[in-house]
Amino acid sequence: MGCGNSKVLPEASKKSYVSVVQSLVAFSKGHEDDDEPKKQKKKQKNPSFSASVDNPHLGPSSKQQIKQRQEWNKVPRYKDKFEPRVTARYDIKALIGRGSFSRVVRVEHRATRQPFAIKMMEVEAPEGREVCDSELAVLQRVSHANVIQLVEVFQFPQRVYMVLELATGGELLDRVVSRGHFTERDATQAIQMILAALVYLHSLGITHRDLKPENLLYYHPGADSRLLVTDFGLSAFAKSWSLRTTCGTPEYIAPEMLLRRPYSCAVDMWALGVIAYILLSGTVPFEDDSRTRLYRSIVRGKYSFRGNPWPSVSNLAKDFILRLLVLDPATRLTAEKAVRHPWVVTMAANSSMTNLHRSISQNLRQRASRSSSRCPSSSTTSSTDASSLGRLMPPETKPKQQQQGRAAGLIQPQRAIQPRARGHKEHQHHPTKALDSREG
Ligand SMILES: Nc1ncnc2c1ncn2[C@@H]1O[C@H](COP(=O)(O)OP(=O)(O)OP(=O)(O)O)[C@@H](O)[C@H]1O
């Protein structure tokens, strides 16, 4: 179950507006031969919000069946798009989902019959190439039980195929909703695994920059499954405080990033605070239909523990969140310190074992139905969607509200929703050359 919003991608320069729009239109057109109308496509990416799968009267297994049928209907077309060198080795089984520049399919290794996922990335457009390069740069370097593992890569001029371990256990929040029982102890189990990944990634100088529940997948459906951090398309290598590009998913973006200050891997720790808050309540700490107001409340660090199930949540759990949602990144818990927080170390042993499940899933469902009624595609918008192209507008055409945001020293929400092109403007603001190649 997604709890996110459309992504904020690294900023493009004013000059690149036109080329970016053109390349995105071209990219979208390139997909018009796909099997279904645009509206349906958006649903595919996040099935939790699709009309049929959304039906509250359907049980999880019926929803799963609908999802599988939808996926199977699409297999032949995707097979056609795969390079023979890839299909010679892997049998394409089903489409799992799609991202801004990618398709993810379930495959089987022809010789071993072992299942894998293949992420096929379109790299003709510079934005796709950049996202792909970022993801590859990280995946080729990492090996950790809680980070998705790259198995092999096939590179072609137009497409790159990443063979990944297949995660079949679903997204973090889907599991919370489907299990029927959820306590603080369960929350700490998930947090421990995310933290293990973050300690590892941060020790390598890798900042994920788009940490959110949708990018946290369980390896298998069993209760003892590993939780995997996925989607490194926005990740960056950097020494501390050298990152500058604003990107991520609005509700999870750290205040220092919104204020255009140089930032570090501490932005992932802020996102972890947001995830912990969602995990324990089914609500988000910072939420507003207006992106300007959302960003304002983030930079003010204004949130509360009001409403259900917060009265049943321990003070220690709240303390953990309070130490992550700290405005000053220098005093925010690091991953190393967060694993030693008493709530995490004891796995909430001293907290009540209250079942928070009912309130959490109720809140998540309410949020899902609110966002689908507000804007059917809001949770699934990608930069290739037509709706997103509408956001690529020059500053002078922006509504007054956003101009006020600029006056407040925040990034401008509309301009922030841009395809992943290099942030030339960022360099004007920050003349110091960034150490990270994606930033520089
Ligand atoms: N290794 C994997 N195993 C199983 N499912 C996966 C795997 N990798 C990605 N997915 C799923 O495939 C879908 C597309 O993922 P992908 O990372 O390409 O894009 P995204 O993160 O959804 O979107 P964006 O490109 O905008 O970041 C998602 O639903 C994701 O959960």
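Strand 1 contributes three residues to the shell around the ligand, the largest share of that shell, in what is a predicted model. In total, 20 residues surround the ligand, and the closest are Lys7, Ser100, Ser102, Lys119 and Asp231.

**Make-up of the shell**

- Besides strand 1 (90–98), strand 2 (102–109), strand 3 (115–122) and strand 5 (159–165) are also suppliers of the shell around the ligand, each of the four providing at least two residues.
- Both domain 1 (84–164) and domain 2 (167–372) take part in the shell, with at least three residues drawn from each of them.
- By residue class, the shell around the ligand consists of eight nonpolar, five polar and seven charged residues.

**Polar contacts and burial of the ligand**

**Lys119**

- Lys119, which is among the closest residues to the ligand, is located in strand 3, and the "binding site" annotation of an unreviewed UniProt entry covers this residue.
- Because its relative accessible area is 10%, and buried means under 20%, Lys119 counts as buried.

**Backbone features in loops**

- The peptide bond that leads from Asn308 to Pro309 is cis, with omega near 0°, and Pro309 belongs to the loop between helix 11 (291–300) and helix 12 (315–324).
- Arg209 is a residue other than glycine that has a positive phi, near 70°; Arg209 sits in the loop between strand 6 (206–207) and strand 7 (216–218), and with a relative accessible area of 4% Arg209 is buried.
- Ala348, likewise not a glycine, has a positive phi of about 55°, and its place is in the loop between helix 14 (342–345) and helix 15 (357–374).
- Is Ala348 buried or exposed? Ala348 is buried, because its relative accessibility is 0% and the cut-off for buried is under 20%.

Key. Residues are numbered from 1 along each chain as its sequence is written. This is a predicted model: local features need pLDDT of at least 70, side-chain atom pairs count only at pLDDT 80 or more; totals for chains, interfaces and linings use all residues. Side-chain values use heavy atoms; hydrogens and water are left out. A residue is near a molecule or strand if one of its heavy atoms lies within 4 Å of it. Ala, Val, Leu, Ile, Met, Phe, Trp, Tyr, Cys and Pro count as nonpolar, Asp, Glu, Lys and Arg as charged, and the others, Gly among them, as polar. Domain bounds come from an automatic or database domain assignment. UniProt positions are given in the numbering used here, feature names are shortened, and annotations may be inferred rather than shown by experiment. Buried means under 20% relative accessible area, exposed over 50%, partly exposed in between (1.4 Å probe, protein chains only).
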